[in-house]
Amino acid sequence: KYAEVTAAKAVNTDKKMLMAVEVKHNERFNLTSIQKQLQKEIEEQFPHIKVELSTDKKIILELDKLEKKIQKDNTYSPKKLEKELDKLISLSKEQT
């Protein structure tokens, strides 16, 4: 749907979702409008969850690591996931 988005990663709990998207290099000039558009659409699709959106490469890499940890460890506790997600959300806010 979005040609300018080359990759997307997301991790969520019952209350929060952190989504990171990678945007084509030549589309980075339109980054603000792309972010607003995606944020609005994601919030419409998930009205019961607080959604954070990032275009930071570091957040994409961290989400990828977290996804792999969760898939590897089937007993990943919701409390631990919440803690990791909060850490990544604060990191994403720091870098913007």
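Lys-50 is partly exposed, at 48% relative accessible area. Buried here means under 20% relative accessible area, exposed means over 50%, and partly exposed lies in between (1.4 Å probe, protein chains only). Glu-52 is buried, at 14%. The side chains of Lys-50 and Glu-52 form a salt bridge, 2.5 Å from N to O. A salt bridge is a side-chain nitrogen of Lys or Arg within 4 Å of a carboxyl oxygen of Asp or Glu.

Salt bridges with shared partners also link Lys-9, Asp-64, Glu-67 and Lys-68 into one network.

## About the model

This is a predicted model, in which local features need pLDDT of at least 70 and side-chain atom pairs count only at pLDDT 80 or more, while totals for chains, interfaces and linings use all residues. Residues are numbered from 1 along each chain as its sequence is written, and side-chain values use heavy atoms, leaving out hydrogens and water.

The whole structure holds eleven salt bridges. One of them pairs Lys-9 with Asp-64, with the closest N and O atoms 3.1 Å apart. Lys-9 sits in strand E1 (residues 5–12) and Asp-64 in helix H2 (residues 57–72), so the bridge ties together parts 55 residues apart in sequence. Helices (H or I, at least four residues) and strands (E, at least two) are DSSP runs, numbered from the N terminus. Lys-9 is partly exposed at 24%. Asp-64 is partly exposed at 22%.

Glu-82 and Lys-16 form another salt bridge, their closest N and O atoms 3.1 Å apart. Glu-82 belongs to helix H3 (residues 78–95) and Lys-16 to strand E2 (residues 16–23), so this pair ties together parts 66 residues apart in sequence. Glu-82 is partly exposed, at 25% relative accessibility.
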